[in-house]
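Here are my notes on the disulfides and the aromatic pairs. Have a look at the model first, then read on.

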Amino acid sequence: MKNKTKQLIYILISVLFLFTSCEKMDLPEGTPRSIKRKIKSDKENTCLESVYEYEYKGEKVYFFMYPCPEGCYILLDENADNVKQTDGNTVCSCNWGGAYCSEDFFENRSNERIIWQKDND
């Protein structure tokens with residue numbers, strides 16, 4: 001009888017764990033862990049609308065779009081660090097004056113791929 005009780009307890013715990021595990025986001029395979037963490041954090045705490053992946057200067061980069069209050073976007077590398085220009089300034093930034101993104105990024109980005117969108121989550 002003790003064995004059956006133990007088995008039942010293990011089954012109940014397993015089922016409980018299965019239904020209370022962390023929410024899984026539906027992100028494309030190969031999305032870096034740091035980008036996944038940033039999306040999860042920002043979708044819960046900001047007005048993040050979408051995230052796109054691009055190739056830019058031979059690297060994969062991630063373009064985060066925030067529509068509020070005045071429209072904002074940031075460009076991150078695979079480590080979730082701001083992508084910088086050769087002069088040290090960020091390629092895309094968000095501040096009190098609004099959003100800024102260098103023309104070079106818009107002209108030279110390629111291989112667009114949607115990573116996450118608010119409507120799909």
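1. Start with cysteine 92 and cysteine 101: they form a disulfide, with sulfur atoms 1.7 Å apart (the cut-off is a pair of cysteine sulfur atoms within 2.5 Å). Cysteine 92 is buried at 1% relative accessibility, and cysteine 101 is buried too, at 8% (buried is under 20% relative accessible area, exposed over 50%, partly exposed in between; 1.4 Å probe, protein chains only).

2. A caution on provenance: this is a predicted model, where local features need pLDDT of at least 70, side-chain atom pairs count only at pLDDT 80 or more, and totals for chains, interfaces and linings use all residues. Residues are numbered from 1 along each chain as its sequence is written, and side-chain values use heavy atoms, leaving out hydrogens and water.

3. The whole structure has two disulfides. Cysteine 72 and cysteine 94 also form one, with sulfur atoms 1.3 Å apart. Cysteine 72 sits in strand 3 (residues 72-76) and cysteine 94 in strand 4 (residues 92-95), so the pair ties together parts 22 residues apart in sequence (strands are DSSP E runs of at least two residues, helices H or I runs of at least four, numbered from the N terminus). Cysteine 72 is buried at 9%, while cysteine 94 is partly exposed at 37%.

4. On to the rings: there are nine aromatic pairs (Phe, Tyr and Trp rings, the six-membered one for Trp, with centres within 6.5 Å; planes under 30 degrees apart are stacked, over 60 edge-to-face, the rest tilted). Phenylalanine 63 and phenylalanine 106 have ring centres 6.4 Å apart and planes at 80°, so they pair edge-to-face.

5. Ring pairs link Tyr52, Tyr54, Tyr56, Phe63, Tyr73, Phe105 and Phe106 into a cluster.
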